Amino acid sequence: MIGSKLGAYEIREEIGKGGMATVYRAHQPTVDRDVAIKVIKNSIKDDTDAVQRFQREARVIARLEHPHILPIYDFDGSHEPPYIVMRFLDGGTLKDVMKHGLLPFSEVTYLIQQVASALDYAHRQGVVHRDIKPSNIMIDREGNAFVSDLGIARITAAGDGPRKGITASGAIIGTPEYMSPEQAMGLNDVDFRADIYSLGVMLFEMLTG
């Protein structure tokens, strides 16, 4: 897709890839800025469940307004392929930062406070991330952290009816190294405590390498 246009956005380079989508750096000429575009993979664009999950991610992010949650700028679920437009951060991920060695304790504290604040806010909105790990924490030029990739987030009961979600009961969702025991067991009532567990694993890794 490099060199092509996606709606009003000019695709410049690939910057990330996951099981469901590829992320590109693109340019938005109307306001002269770079953005990140998450595009669903061609191999699954005809998979109804995958497309629903992708669309759901856009809705979940759009309802979360917090200084340390990566914001969404635009979304087109009817485009072929569907895509989500987000803020572009060129500081890489926390995983990239950690490859350079142990972080100073003060920096670990700073980043964890920001991530914990974002998760606390999301939990109060009834959203459980379920995949907290260093590669899902983006870093900006000033060294601030932003929670990203809510593709498998679960919307729990939060005053608006029963739990909602696409993931089937018994499905194991998440990244094994950071996954809480209840996630590993495929339980259907995973709540905010799963994110706290994953955050603890990430903190341990940041402090010890």
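How do the residues of the lining of the second largest cavity divide into nonpolar, polar and charged? They divide into eight nonpolar, one polar and no charged, where Ala, Val, Leu, Ile, Met, Phe, Trp, Tyr, Cys and Pro count as nonpolar, Asp, Glu, Lys and Arg as charged, and the others, Gly among them, as polar.

The model is predicted, with local features needing pLDDT of at least 70, side-chain atom pairs counting only at pLDDT 80 or more, and totals for chains, interfaces and linings using all residues. Numbering runs from 1 along each chain as its sequence is written, and side-chain values use heavy atoms, without hydrogens and water.

On a 1 Å grid over the protein atoms alone, a cavity is a set of points where a 1.4 Å probe fits but cannot get out; a pocket is an open set with protein on both sides within 12 Å along at least five of seven lines; lining residues have an atom within 4 Å of a point. Points are joined across faces, edges and corners, and volume is the space filled by probe spheres set on them.

| Space | Volume | Largest share of lining |
|---|---|---|
| Largest pocket | about 840 Å³ | strand 2, three residues |
| Second largest cavity | about 50 Å³ | helix 3 (residues 105-124), three residues |

Of the 31 residues lining the largest pocket, Lys17, Val23, Lys38, Asn136 and Asp149 lie nearest its centre. This lining has 12 nonpolar, 10 polar and nine charged residues.

The structure holds two cavities of 30 Å³ or more. The second largest cavity is lined by residues including Leu64, Ile69, His129 and Leu150. Helices (H or I, at least four residues) and strands (E, at least two) are DSSP runs, numbered from the N terminus.
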